[in-house]
Structure formats: C-alpha cells, structure tokens
Amino acid sequence: MGLGSREFETLVPSEMRKDVTFRFHGELNDFLAPPLRNVAFEHLAGTTDTLKHVIESLGVPHTEIGHVTVNGAPRDISAQLAEGDDIQVFPHTIPIPLNGVPTFVIDGHLGRLAAYLRMLGFDSWYQRLADDEALAAVSSHEHRILLTRDVGLLKRREIEHGYCVRADKPHDQLREVTRRFALAPHFAPFTRCMDCNGPLMPVSKSEVAHLLPPHTRETKNEFSRCLNCGKIFWRGSHHARMLGWIQDLANANL
Ligand SMILES: [Zn+2]
C-alpha cells in the first residue's frame, strides 16, 4: 500500500510487465521528463494498468489528452495495454470546441487570472483558500473548467474538463486561456464583479451618490452595482487602458 507507480514497477517481475512504446505529441511534451520529450520511447507497464494510469504516471494529466491511438487505431484511455503496443498520445486541437459560454473554477494560486476572467464577464468560481477537494468537486458538479498549475490536481479522476496554465504572469495566463478556449466571441467586459463573481447591473447616480467618494461623485455619471456583494463600480482612470487590452485579447483570438 502507498507505493508510487515507479516503486511498483521495480517490485513487479519483468514477466508480469508489458513492454510498450510511447510517443507524446505537441504540448503534451511539456509534462514529460526531458529525455522522453519528442521521441518514441519504450516503457514497462503493469499488466493491469490502463492507458490513463500509465500516461499519468509519465506526467501527463488526462485532462490534457485529446486522443490516443494504439497501433494506429483510436483507443479510449480506460483501455488496458498489450505487449508491443505502439501508443501515440495527442493533445487537444486548439481552440477547444465549447458548448455555449464556458464557466471556470480557478485554483487559489491564480487569483489575478480569476479576476481578469471575471472582468471579461466569465463566471469564475474562485476562493483563495479552497483545497483540492473543493476545486475538484466544484469542477465536477458544476461542469466548470478547472484552471490550475497543479498537475496532480488535474489527474483526479472526477475532473473532466481542466487545463494546466503554463504562463507565469497573469496577463499572459489570460491570453493563454482566451486563445485555448476561443473566448473572444463570449467577451462581456465589465458585467461581472471582479471581487465576488456576482453580476453587475447599471444603477442610477442618485441611488448610489451617498456611497461615493466626493471626487467620483463630482466627475462620474455612470455606475453599476454588484447584485451579490453590493460593491459600486464606475469607469476609473484605467478604463481606457483596460478596453485596449481587451481588444488586444480579442484580436489575438482571431
Ligand atoms: Zn461583488
């Protein structure tokens, strides 16, 4: 009990293992140990291992897999392996086709990305201290795409839709995610609260005037309010720059 897959391999006599060949394609190589990238390599798999198990033991979470062929024919990742199998593992075709407007659940380490996706109008579940259990449950029950940099989290069986964000900087992360899922047609900027994910509704100045800082009350006329947390928003000094940035993101999706 408690043995990792590599330890398991060393304990199982070779006659109980199967010698197969793997080749990973495209961006899937990001997850492999350097000597295994962009080459075909032999691998010893346990007799009862599924493709999912072996592929994930090599480092690639199932959420990143587009399709697999075994000896040239498509194969489900729940299938077992046979001696001499030639296994080719392909990433998803980008952009990923979506049914309608996608929703997200975002790892606690990616708070800026969550805020930016909300800025673009996307329903993005985020709690800074949420643990893996909670993230996996929300993704599974609410059919939200899990965005994380935690490869181990993406290997959890219950996660159907997920993506390992590669970029380090939040602006680059947003560009990466909007391109991967071709989000531009669904952009609805400034319709969702960046703090709490609630929907924003226009509100008249007279309704909120008593809540505004004096300078804002004198200089601004258009306001919206979060229906969830009540926060008031207006077009501040950064608004034009943010619009320019959003247009750049939309252009990058074309
Ligand atoms: Zn709010």
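Into which domains is the protein divided? Keep in mind that this is a predicted model. The protein is divided into domain 1 (5-91), domain 2 (94-189) and domain 3 (199-242).

**Where two domains meet**

Let us start with domain 1 and domain 2, whose C-alpha centres are 26 Å apart. Contact between them involves seven residues of domain 1 and nine residues of domain 2. On the side of domain 1 that touches domain 2, two residues are nonpolar, two are polar and three are charged.

**Strand pairing around β1**

Next, find strand β1, residues 17-24. Strand β1 pairs with β2 (residues 41-46) in the antiparallel sense, and with β5 (residues 86-91) in the parallel sense. The table sets the two pairings side by side.

| Pair | Sense | Bridges |
|---|---|---|
| β1 and β2 | antiparallel | six bridges |
| β1 and β5 | parallel | four bridges |

To trace these pairings on screen, pick out one bridge from each. K18 has A45 of β2 as its bridge partner, while F24 is bridged to V89 of β5. As a general point, side chains in a regular strand alternate between the two faces of the sheet.

**The largest nonpolar core**

Which residues touch the most other members of the largest nonpolar core? Among its 28 residues, these are F104, I106, L113, L117, L146 and L147. At least two residues of this core come from each of β6 (104-106), α3 (111-119), α4 (132-142), β8 (145-148), α5 (151-154) and α6 (170-180). Helix α3 gives the most, with five residues. Another core, of 12 residues, lies apart from this one, and L28, L51, V54 and I55 are among its members.

**A closer look at α3**

Which residues of α3 are buried? They are L113, A114, Y116, L117, R118 and M119. These buried residues pack against β6, β7 (124-126), β8 and α6.

Setting aside neighbours within four places in sequence, L117 is in contact with F104, F122, S124 and L174. One of these partners, F104, is itself listed with L117 among the core residues that touch the most other members.

How values were computed
Residues are numbered from 1 along each chain as its sequence is written. This is a predicted model: local features need pLDDT of at least 70, side-chain atom pairs count only at pLDDT 80 or more; totals for chains, interfaces and linings use all residues. A nonpolar core is a set of buried Ala, Val, Leu, Ile, Met, Phe, Trp, Tyr and Cys residues joined through C-beta atoms within 7 Å. A residue is buried if 20 or more other C-beta atoms lie within 10 Å of its own, exposed if 12 or fewer, and partly exposed in between; C-beta atoms are placed from the backbone. Domain bounds come from an automatic or database domain assignment. Ala, Val, Leu, Ile, Met, Phe, Trp, Tyr, Cys and Pro count as nonpolar, Asp, Glu, Lys and Arg as charged, and the others, Gly among them, as polar. Two strands pair if DSSP finds at least two bridges between them.
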